[in-house]
Amino acid sequence: MDKEKSIVPNQIGYLVLKDDGAVLESGGELKNDEHSANVIMGLLNLTESIDESFMPNSSCERITIDYEEYYYSICMSNRRIYIVKISGSQNGGNTTTATASSSSSNSVYNDASDSAGAVLA
Amino acid sequence: MSDDIKKYFNGLLQKVSGLYVIQITDRDGVPLLRVSQEKNIDFALMPSFIPTFTTACDQASKLGLGRNKTIISMYSNYQVVQMNKLPLILTFVGAENCNTGHILALEHQVDGYLEDIKLAVTEA
Amino acid sequence: METQLEKVLMDTAARPDTVGALVANRQGLCLVAKGDIDPNVSGIGMAIAQQVAKLEPNSTVPATICLYSGNKRCVIKNDGRITAVIFKQLTANSATGN
């Protein structure tokens, strides 16, 4: 991992995609992971229109996908899609405790976007 | 106009996994627009089930529960969702395990695009 | 028959910051919805859960998905049989805690 760039502490892997789904950069466990890139592009396509009256279409700026041992954080910025796989759990997989978890993920997100933006700038 | 609409419906087809065909017809079954996946179903059957739907829909409207809007038919290999949007009929054909709820949710999304086709039909 | 399910959803929808909650069956059809949530969301909610399931096909524990838009959150979880979708909106109080 020493020559891989580090976007956030505890990162396992990362992907940077163009808005058309092309992989711009990748590293760690997600190195050249076209499959994950495709799945996530499909996911973003679906999240465009959930419920117009609750979330305006295409307003979703960040997505997290939590597993027991790690989670994915996906965020959109500057026509790029940043995907980081990070070790550690946010909420123990319980949907009902998601409010508590969202505050911690928020700080992770800020770290991710700030440093990712800095590296690419 | 038709290119835009076709593109939009092709996009919908990609969005819903397991959806094979979206077809828009008038109430007699005359196809106005059809988009389909590579893995085709037997199109020979399609003309006959549009008038059948119209009949079924008319009958279902007589049950005293108001006007019938949608009929979902489940088969061992396919599911067919048909929506009554007179003067148009919207038909979706998908795999039996396809996300029915997602297909139903498309109804509101396509309304805007259907208006254009409706205009063309009523003018004709 | 569905009283248990209704009760669970009532409790969920009554939690702080929660706008509404629903559960969908395998076909993406809404079983119960409580609070301010459109039952039509069940289909897209399940589609999202199914898409995410492709990400880690070997994972035994299903993932929890959270979509963020401003102070709103949409939480989705699927256990293979049913899918739960919860809409949340943080109030000013909890937002400052972030």
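## A tour of chains A, B and C

Begin by selecting chain C, where buried residues (20 or more other C-beta atoms within 10 Å of their own, with C-beta atoms placed from the backbone) make up 46% of the 98 residues. The model is predicted: local features need pLDDT of at least 70, side-chain atom pairs count only at pLDDT 80 or more, and totals for chains, interfaces and linings use all residues. Residues are numbered from 1 along each chain as its sequence is written, while chains are lettered from A and ligands numbered from 1 in the order in which they are written.

**Chain C as a whole.** Colour chain C by secondary structure to find three helices and five strands. Helices (H or I, at least four residues) and strands (E, at least two) are DSSP runs, numbered from the N terminus. The order from the N terminus is α-β-β-α-β-β-β-α. The C-alpha trace of chain C spans about 40 × 35 × 20 Å along its principal axes. Of the contacts in chain C between residues at least 6 apart in sequence, 37% join residues at least 24 apart, a contact being two residues whose C-beta atoms, placed from the backbone, lie within 7 Å.

**The contact of chains C and A.** Next, display chains A and C together. The contact takes 30 residues from chain A and 34 residues from chain C. On the chain C side, the elements that give two or more residues are α2 (41–53), β3 (64–69), β4 (72–78) and β5 (83–89). That side has 17 nonpolar, eight polar and nine charged residues; Ala, Val, Leu, Ile, Met, Phe, Trp, Tyr, Cys and Pro count as nonpolar, Asp, Glu, Lys and Arg as charged, and the others, Gly among them, as polar.

**The sheet across both chains.** Which strands make up the open sheet of ten? The order is β2(A)-β1(A)-β5(A)-β4(A)-β3(A)-β3(C)-β4(C)-β5(C)-β1(C)-β2(C), with antiparallel pairing; two strands pair if DSSP finds at least two bridges between them. At the edges, β2 of chain A and β2 (30–35) of chain C each pair on one side only. Where the chains meet, β3(A) (residues 62–66) and β3(C) pair antiparallel over five bridges; select D66(A), which stands opposite T64(C). Within chain C, six bridges join β3(C) to β4(C), and I65(C) stands opposite I76(C).

**Chain A.** Move to β1(A) (residues 11–18) and β2(A) (residues 23–28), an antiparallel pair with five bridges, in which L15(A) stands opposite S26(A). Their hairpin has four residues between the strands, and G21(A) there takes a positive phi near 100 degrees. Then select helix α1(A), residues 34–47, where the buried residues are S36(A), A37(A), I40(A), G42(A), L43(A), L46(A) and T47(A).

**Chain B.** Finally, select chain B, in which five strands form an open antiparallel sheet in the order β2-β1-β5-β4-β3. The edge strands β2 (31–36) and β3 (70–74) of chain B each have a single partner, so one side of each is left without a neighbour in the sheet. Five bridges join β3(B) to β4(B) (residues 78–85), with T70(B) opposite M83(B).

How values were computed:
Buried ≥ 20, exposed ≤ 12 C-beta atoms within 10 Å, placed from the backbone.
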